[in-house]
Amino acid sequence: MISLAATETATAFVEKRPLERYTAPAQPSLVGMPRAVLAQALAEVGVPEAQRRMRLQQIWHWLYVRGAQDFDAMTTLSKDLRATLAQRFTLARPPIAAEQISVDGTRKWLIQLPGERAEAPHEVECVYIPEVDRGTLCISSQVGCTLNCSFCHTGTQRLVRNLTAAEIAAQVVVARDRLGDWAPTSESTRMPAPSDFPLAGGGERRRLVSNVVMMGMGEPLYNLEAVRDGINVIADGEGLSISKRRITLSTSGVVPNITRAGAEIGSMLAVSLHAVTDELRDQLVPLNRKYPIAELLEACRNYPGLSNARRITFEYVMLKGVNDSLGDAKALVRLLKGIPAKINLIPFNPWSGTQYECSDWDQIEKFSEVVFAAGYASPVRTPRGRDILAACGQLKSASEKLSARERLALRAMAMTD
Ligand code: SF4
């Protein structure tokens, strides 16, 4: 989903290259399949029920710990089973149309998914942001978005379709492939846990994707079941093993599904707030007309598992002269009183055709001071965010896709506090 979603422009990326030519999949891939679907697939190829659980465990390990790309690599399976699986399924990942690598190590992949016509795939973006103590992957939940937030460039695109659970989880697999982030082949070497990031002393292999944020294209709570099932694959402790405390869903405020998401998914939650009055939020996030601020915050107060150790992040995009006064800052902290919260202030990154401008940096800092004085953690992001912002300003007319990278990178960085 969302919110920093307001940007076109610019780029710190120095490398852009097409990687794969799209061909529509001829057979289903096992990659990303939730456990229940994979069990069904094994049943379909005749794996006896008594063996199914064990076989599923073995395949799960090869898929999500070793990153196997070929059934022949799955040496704990019999040759016959490998051949049978290969006749019906593939281990194909969604193809990457392009990869861009920033000077600061941030990477963006343009990932292709099946469209209505075989020759016209859909595209979503996936962004990896390496930091000192973590590596965050920002993934998408829908192609396009229905919500039309006025500051968001994605909102100008129509909703094309929801991603499936497998497509959601496969984004993590694609990122790990490109980063070489799989366990070594030696049987004795375990995959480092996210908590091993980075390993003390250096020199040892460390895990590169340690956190996931669902802040790419789309509103995840409008694709709740697939998001839930996809996150369960990503969080599975015997596979990709990224704990739900390291996975954040971002919503623009689909109130009825907030409690459901807390109960059924249990990941961290981020809310795109962006305004302190209904009058303004109605304009910035039109969904507010349906679920106004009071209802949204009530749902947040009741978010299952909410505590000081498990706070909700409120995102607030800084729009010059619109929502960035010190009065707004004071109203913001009053509004969130009593909710275990973090507040991320996100400098708006203008896109061609937008009516908004980014707040002046001085104003962002003053706003941040008010928020900080009220006891909320570190609002504005680090020099790296600034670095990217500077690049954005300089390279204003770059493509929408590059600007979307900017947006995603900033959002994800803003989230990884
Ligand atoms: S909900 Fe949709 S329109 Fe609104 S900010 Fe997110 S992606 Fe953009």
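D360 is partly exposed, at a relative accessible area of 42%. Partly exposed means between the two cut-offs: buried is under 20% relative accessible area, exposed is over 50%, with a 1.4 Å probe and protein chains only. The partner of D360 is K320, and the two form a salt bridge with their closest N and O atoms 3.3 Å apart. By salt bridge I mean a side-chain nitrogen of Lys or Arg within 4 Å of a carboxyl oxygen of Asp or Glu. K320 sits in the loop between β11 (312-318) and α9 (326-335), and D360 in the loop between β12 (341-347) and α10 (361-373), so the bridge ties together parts 40 residues apart in sequence. K320 is partly exposed as well, at 36%.

A word on the source. This is a predicted model, where local features need pLDDT of at least 70, side-chain atom pairs count only at pLDDT 80 or more, and totals for chains, interfaces and linings use all residues. Residues are numbered from 1 along each chain as its sequence is written, and side-chain values use heavy atoms, with hydrogens and water left out.

Back to charges. How many salt bridges does a search of the whole structure find? It finds 15. Take R35 and D236, whose side chains meet at 2.6 Å, N to O. That pair links distant parts of the chain, 201 residues apart: R35 is in helix α1 (residues 35-44), and D236 is in the loop between α5 and β9 (247-251). Helices here are DSSP runs of H or I, at least four residues, and strands are runs of E, at least two, numbered from the N terminus. R35 is partly exposed at 25%. D236 counts as buried, at 14%.

Next, R88 and E44. Their side chains meet in a salt bridge at 3.5 Å, N to O. R88 lies in helix α3 (residues 79-88) and E44 in helix α1, so this pair joins parts 44 residues apart in sequence. R88 is at 38% relative accessibility, partly exposed. E44 is at 45%, also partly exposed.

Now a charge without a partner. R281, in helix α7 (residues 278-284), is buried yet has no salt bridge. Which side chain of opposite charge is nearest? D278, and it is 6.3 Å away. For charge, Lys and Arg count as positive, Asp and Glu as negative; His and the chain ends are not counted. Beyond its neighbours within four places in sequence, R281 is in contact with residues including S252, P286, N288 and Y291. Contact means heavy atoms within 4.5 Å.

On to the nonpolar side. The largest nonpolar core has 109 residues, and L30, L137, I234 and F314 touch the most other members. Such a core is a set of buried Ala, Val, Leu, Ile, Met, Phe, Trp, Tyr and Cys residues joined through side-chain atoms within 4.5 Å. Helix α4 (residues 165-179) gives the most to this core, with eight residues. A second, separate core has six residues, among them C138, V213, M215 and A270.

Last, helix packing. α4 packs against helix α5 (residues 224-235) at an angle of about 35°, with the axes 7 Å apart. Axes are lines fitted to C-alpha atoms, for helices over the stretch in contact, and angles run from 0 to 180 degrees between N-to-C directions. Where do the two helices meet? A165, I168, A169 and V172 in α4 meet A226, V227, D229, G230, V233 and I234 in α5.
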